[in-house]
Amino acid sequence: MNRTIRKVAVLGSGIMGSRIACHFANIGCEVMLLDIAPKELTEDEKKKSLTLDHPAVKNRIVNGAFEATLKANPASLFSKKFASRIQLGNFTDDMPKIKNYDWTIEVVVENLDIKKKVYEEVEKYRTPGTLITSNTSGIPIHLMAEGRSEDFQKHFAGTHFFNPPRYLKLLEIIPTAKTDPSVTKFLMHFGDLFLGKTTVLCKDTPAFIGNRVGVWGLMKVIDSMKKFDLNVDEVDKLTGPVIGRPKSATFRTSDVVGLDTLVKVANNLYTGLVKDEAREIFKLPEVVEKLDKNKWLGDKTGQGFYKKTKNAKGETEILTLDLKTLEYKPKAKAKFATLETTKTIDNLKDRFKVLLAGKDKAGDFYRDCFFGLFQYVSNRIPEISDELFRIDDAVSGGFGWDIGPFETWDAVGVEKSLPLMEAAGYKPAQWVYDMVASGNKSFYKSEAGLKKYYDIPSKSYQSIPGRESFVILENKSENVVWKNPGSKIYDLGDGVLNFAWHTKSYTLGSEVIEGLNKAIDLAEKDYRGLVIGHQGSDFSLGANLGLVFMYAIEQEYDEIDFMIKHFQNSVMRIRYSSVPVVVAPQSRTLGGGCEMTMHADIAMAAAETYIGLVEVGVGLIPGGGGTKEFTKRVSDALQEGDVELNALQNAFMNIATAKVATSAEEAREIGILKKLDRITMNKDRQLADAKEAVIELADAGYTMMPQARNIKVQGRTGQALFLAGLQGMQMGRYISEHDAKVAKWIANVMCGGDLTSPQEVSEQYLLDLEREAFLSLTGEKKTLERIQAILTGGKPLRN
């Protein structure tokens, strides 16, 4: 049957329930969020003479939970406006309404008896054929379905989101033996395409896949830490970004999530996994039990492995727990020779070879942790999954690892690692030896642009289901048509090129600009269009400030002028080329990256795009067409009836406050994305979607438009209004003298310079004003101080 999800009921408004409700609202669903009605009045309710039947009392729990979610940071909604898509209610009054809902998701407390009581109520009102799923993190799915009707069981499965649901990509789908296969298939597809998730099909085993392996890995880190006498600061240094893990690493992550959560999962797994050969790792170390007993659970109790405090000067200071004495001490800087040798290795997979070959304590720690992890995941097949890629997907998506255990093992070298693992006491499962003996030396390989995994039963490489349509640049090394040290141009097929870059922080230096122009040249000559974008951690953090700083210190202003003009011309080519150009921003897209996006024929933005013109933060103005483009968009909007000066002021404030949108939806609201721009929920699909957009534009008969010459600007009239406001802010000490100077330059550009009256100007006219402003500000000492602070991590400007 064709199944459409328009209305979703979420039962349980706790942290997970409210956030799951928000994420369904993010994708446009109408959501009903319900929770229990209170059984007792609060003192405040008694004073107001309210009764248990009063609506405010009945919805007190759900109202409070939802309000807390809306206040929480990071935000669960793409836009505050989306809160209106969520209706609140209680089980007593509103459960009958679920008959009108396409999908009911249970997110109540982790107690089987309570869940079964909820299902009894659901069964009374649910319309046959509609979906019913549970967000349980560990209760066996088949036990929850026992005693329910045949239709209920056919449409029932586990749908385990990870917290926070908006940001963590993993969605585990856990069917039972009675779940209709078409329901399982639908959930896998819907989670991927509409919710933007990495959907992982799991067996109904304890903690499924993500928590089973992820928590084991975390507990193994603690075990290895004790073996090699490392401290908290050292372990977090070793287990963060250097190995492709979040900045919060191990112990800071525990503090954020809550140690009690880890304790609960680990205890449940230790109790339930009596046949797990590595079960003892789940047993809580004595120090963790002490922390749990002391209620030192992390952020929620004010202290955990770290503690925020004030020093004698009243400054905030982060102290670290000494696990031997249970005393908090100043953070210690962790240094290891092995880490020093990897500083110049940007590629994570190349880094692993060096890390695990280290001869110091860090190398010992890495070998013990990873060899143990490799052994553990090899032994979990086929217990928790028949396919190894599902384990990688689950751990990466649920715990924020850049690459999963098997992909890490490939990076280290499977065949080479086997004798080392045996010597260390971590002999893996026999199927790994069989794989290597048959001539297959890795768990993954690329063929014809597709990533394939080693399938154990067939002893062959198979395509990963559902990924055939993905464009993964890493798998397209054979399709590179041009490259320089900082960028590459790929042939994506069907007459579409891709331009990607891999500079540090994805900054836009000379190599990237050379590649961009080469890509447009090639596309205009022999192709149908171009996609600009890559699959790195960020789209771009902007221009190469180091180069700007160097030229400014040497007072090489002609070089700065040439550099900015070249960048402006390159960005304008994105808009004004003879073929369609689609830009695919994602994650942090700042400064020049934002300017590139604003000049696309269509931007195919990832839902999680954090985009803005941030140049003001370093005492500059957007000089690559950003200030011009906002001015042009205000002028264009006038034809749609917008209020002229209000629209100009809003655009001015976006630039002057370095406003960064916290989602693609917000970027559309503040005018960085156009109405015609599109949003991709699943970042893994973004480049494929962008390619399709290029083909769509080409097939529609794409024609290059001429540069605009009718941009209406306000001249001195507009500037006078801005200057009056800036003077008031400066007098009130809301902005500094230098901030006011930068803002005046922004106003000068957006109002068209020193024009005596409102009139129409060209794009090039505004670009010239932009460049003049940028050049002038690079000569300001305050600007150079700010750039220097960013380049040196806050150290003062050298004399």
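In this predicted model, Ser477 sits in a loop, with strand S14 (460-463) on one side and strand S15 (480-484) on the other. Ser477 counts as exposed because its relative accessibility is 56%, and a residue is called exposed when that value is over 50%. The loop residue can also be placed relative to another part of the chain. Ser477 and Ala448 are 29 residues apart in the chain, and 9.7 Å separates their C-alpha atoms.

Charge on the surface is the next topic. Glu554, Glu556, Asp558 and Glu559 together form a surface patch of negative charge. One of these residues, Glu559, belongs to helix H24, which runs over residues 557-575. Is Glu559 buried, exposed or partly exposed? Its relative accessible area is 34%, so Glu559 is partly exposed.

The cysteines come last. A disulfide is a covalent bond that joins the sulfur atoms of two cysteines. How many disulfides does the structure hold? The number is zero. Cys29 illustrates this: the cysteine sulfur nearest to it belongs to Cys22 and is 13 Å away. Because a disulfide requires two cysteine sulfur atoms within 2.5 Å, Cys29 is in no disulfide.

Cys29 has a relative accessible area of 5%, and it is therefore buried. Cys202 is likewise buried, because its relative accessibility is 5%.

Conventions:
Residues are numbered from 1 along each chain as its sequence is written. This is a predicted model: local features need pLDDT of at least 70, side-chain atom pairs count only at pLDDT 80 or more; totals for chains, interfaces and linings use all residues. Side-chain values use heavy atoms; hydrogens and water are left out. Patches are made of residues with over 30% relative accessible area and no salt bridge: like charges are joined within 9 Å, nonpolar side chains (Val, Leu, Ile, Met, Phe, Trp, Tyr) within 5 Å. Accessible areas come from the Shrake-Rupley method with a 1.4 Å probe; for residues, only the protein chains shown count as cover. A salt bridge is a side-chain nitrogen of Lys or Arg within 4 Å of a carboxyl oxygen of Asp or Glu. Lys and Arg count as positive and Asp and Glu as negative; His and the chain ends are not counted. The place of a charge is taken as NZ of Lys, CZ of Arg, CG of Asp or CD of Glu. Helices (H or I, at least four residues) and strands (E, at least two) are DSSP runs, numbered from the N terminus. Buried means under 20% relative accessible area, exposed over 50%, partly exposed in between (1.4 Å probe, protein chains only).
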